[in-house]
Amino acid sequence: MSTYKTMPHSTVSTLSSEQGRSVLFLYPGTARDSRMDLVKQGRAPKDFFYGLPHIQSCGFDVSIGNTRKDPKGALNRGVLMYERIRNRYLNFGLSVSRVNAIADQIGGADIALSFNDFFSLSMGLYRSNIPGQMRLLGGFHGLSDLVERPPSMFRGYAKSQLMKAIEGLDHLFFSGEVDREKAIEMFSIPREKTSYYPFGVDAEFWRPDDKPYEAETVLSVGSDPSRDFATLINANIQDLVRIITRLNVGGGDVPDNVEIVRGSLFGSEITDEKLRELYQHAKVIVVPVRDVWQPSGCSVTLQAMACGKAVVISDIKGLWDRDQLKSGENCLLVPPGDPKALKDAVEGLNSDPKWREEMGRAARKTVDDHFSISRMDHALEKIVRDQLDYIR
């Protein structure tokens with residue numbers, strides 16, 4: 001467990017009823033522990049702490065839990081092994097073992113916030129395994145799509161498990177308004193049990209390069225299973241196309257001008273600073289996504305826009321903001337799964353440097369005006385304070 005005690009001096013004198021109130025942020029893995037120091041040095045963005053620094057600055061006792069922590073004991077490890085095999089087959093990631101591994105830590109908090117769809121559901125489904133009277137808050141990036149993941153013969157089972165899990169959560173917060181509305185309808189969730197929690201980017205970190213450079217590549221980034229790199233590859237774009245992902249992409253049919261990068265480039269790890277440089281030095285950023293309810297591609301799109309880049313995005317049914325994403329002005333929206341439309345959009349931008357530059361400037365202004373990290377911080381603060389009202 002990691003606990004962060006240091007707060008900006010300006011906030012210390014304003015602390016009142018928040019003192020002693022504990023908020024546990026639950027993330028998969030331990031990478032954020034090391035990145036906290038990098039954030040303080042300006043070498044990493046605040047984005048993927050999902051509001052933790054702000055909640056800490058409000059005076060709450062903030063700590064981090066690892067939702068991938070292995071359980072203790074041979075029996076529990078055996079159950080975990082079974083769950084891994086089952087979940088891989090079903091494409092449906094519920095786990096009592098992961099909940100049991102950190103149940104005491106969850107139970108020791110006033111509020112526990114999960115930012116992973118399947119751990120949020122596992123936490124709700126196995127709530128009885130967690131001691132204490134905490135409030136369990138589940139964050140979701142694509143709840144409405146999860147029923148469709150298992151093979152068709154198991155989808156009835158999947159939906160019943162989802163319904164039970166949702167019942168066990170005190171509150172659900174969604175990074176996409178469309179996904180929230182669909183989930184309310186699909187699972188009969190009381191609206192007051194849900195919130196919209198918009199993603200925002202650290203525009204101080206993600207910024208345009210102030211040095212001249214010669215853009216060469218079409219860049220695409222992401223490891224979400226909803227990414228549609230096959231459509232990008234099949235678009236037969238003429239420029240060098242660099243795809244950075246942990247997903248298995250393509251095979252022997254990948255064209256010579258398509259480069260698949262899996263964690264390191266030219267022998268160097270792709271850090272946040274390196275990724276920013278890749279955004280800055282790309283001609284165009286492409287975010288190809290399958291037609292899902294999940295607001296997939298939101299973070300990459302906004303990071304690239306903050307870097308002043310022209311972005312081509314799949315116009316999916318779960319697009320997170322149709323009011324501010326204006327095709328032809330601050331981005332280009334193309335039909336999902338359409339290689340020709342994607343090719344035309346990318347090559348149109350590639351052939352018109354002035355249009356690319358104008359779109360990049362408009363993209364940056366849109367982030368400054370509507371998608372800064374403060375909107376995510378303030379949304380989470382409201383959720384936390386509203387939930388504390390139940391336990392005061």
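Where is the place of Tyr50? I looked, and Tyr50 sits in the loop between α2 and α3. I note at the start that this is a predicted model.

**Entry 1: Tyr50**

I checked the backbone of Tyr50. Its phi is near 50°, which is a positive value in a residue other than glycine. I then asked: is Tyr50 buried or exposed? Tyr50 counts as buried because its relative accessibility is 10%, and the cut-off for buried is under 20%.

Next I turned to aromatic rings. I found 17 aromatic pairs in the structure. One of them joins Tyr50 and Phe199. The ring centres of Tyr50 and Phe199 are 6.4 Å apart, and the planes make an angle of 65°. That pair is edge-to-face.

Tyr50 and Phe199 belong to one aromatic cluster. Phe25, Tyr27, Phe48, Phe49, Phe115, Phe173 and Tyr197 are also in that cluster.

**Entry 2: Val39**

I stepped back to helix α2, where Val39 is placed. Val39 is buried, as its relative accessible area is 13%. What does Val39 touch, not counting residues up to four places away in sequence? I listed Ala44, Pro45, Lys46 and Phe49. Phe49 is also a member of the aromatic cluster. I also looked up Val39 against Asp210. They are 171 residues apart in sequence, and their C-alpha atoms are 21 Å apart in space.

**Entry 3: charges over rings**

I looked for charged side chains over aromatic rings. The charged end of Arg135 sits over the ring of Tyr390, 4.0 Å from the ring centre. Arg276 lies over the face of Phe205. There the distance to the ring centre is 4.3 Å.

**Entry 4: Thr217**

I moved to strand β8, where Thr217 is found. Thr217 counts as buried because its relative accessibility is 8%. Which residues is Thr217 in contact with, leaving aside its neighbours within four places in sequence? I found Leu240, Arg242, His281, Ala282, Lys283 and Val284. I also noted Glu277, which is 60 residues from Thr217 in sequence. Their C-alpha atoms are 12 Å apart.

**Entry 5: Asn236**

I found another positive phi. Asn236 has phi near 55°, again in a residue other than glycine. Asn236 is in the loop between α10 (229-234) and β9 (240-244). Is Asn236 buried, exposed or partly exposed? At 46% relative accessibility it counts as partly exposed.

**Entry 6: helices that cross**

I took α7 and α8 as a pair. Helix α7 covers residues 117-125, and helix α8 covers residues 155-168. Their axes come within 7 Å and cross at roughly 75°. Therefore α7 and α8 are roughly perpendicular to each other. On the α7 side, Leu121, Gly124 and Leu125 make the contact. On the α8 side, I listed Gln161, Leu162, Lys164, Ala165, Ile166 and Gly168.

I then took α13 (residues 339-350) and α14 (residues 353-370). They pack at an angle of about 100°, and their axes are 6 Å apart. So α13 is roughly perpendicular to α14. Gly348, Leu349 and Asn350 make the contact from α13. Pro353, Trp355, Arg356 and Met359 make it from α14.

I stayed in α14 for Lys365. Lys365 is exposed, because its relative accessible area is 52% and the cut-off for exposed is over 50%.

**Entry 7: helix α15**

How many residues has helix α15? I read 16 residues, 373-388. From its first C-alpha to its last, α15 reaches 23 Å, close to the expected 22 Å. I also looked up which α15 residues are buried. Among them are Ile373, Met376, Ala379, Leu380, Ile383, Val384 and Leu388.

Terms used:
Residues are numbered from 1 along each chain as its sequence is written. This is a predicted model: local features need pLDDT of at least 70, side-chain atom pairs count only at pLDDT 80 or more; totals for chains, interfaces and linings use all residues. Side-chain values use heavy atoms; hydrogens and water are left out. Helices (H or I, at least four residues) and strands (E, at least two) are DSSP runs, numbered from the N terminus. The expected span of a helix is 1.5 Å times one less than its number of residues. Buried means under 20% relative accessible area, exposed over 50%, partly exposed in between (1.4 Å probe, protein chains only). Rings of Phe, Tyr and Trp (its six-membered ring) pair if their centres lie within 6.5 Å; planes under 30 degrees apart count as stacked, over 60 as edge-to-face and the rest as tilted. A charge sits over a ring if NZ of Lys or CZ of Arg is within 6 Å of the ring centre and within 35 degrees of the ring normal. Axes are lines fitted to C-alpha atoms, for helices over the stretch in contact, and angles run from 0 to 180 degrees between N-to-C directions. Angles under 35 degrees count as roughly parallel, over 145 as roughly antiparallel, 65 to 115 as roughly perpendicular and the rest as oblique. Contact means heavy atoms within 4.5 Å.
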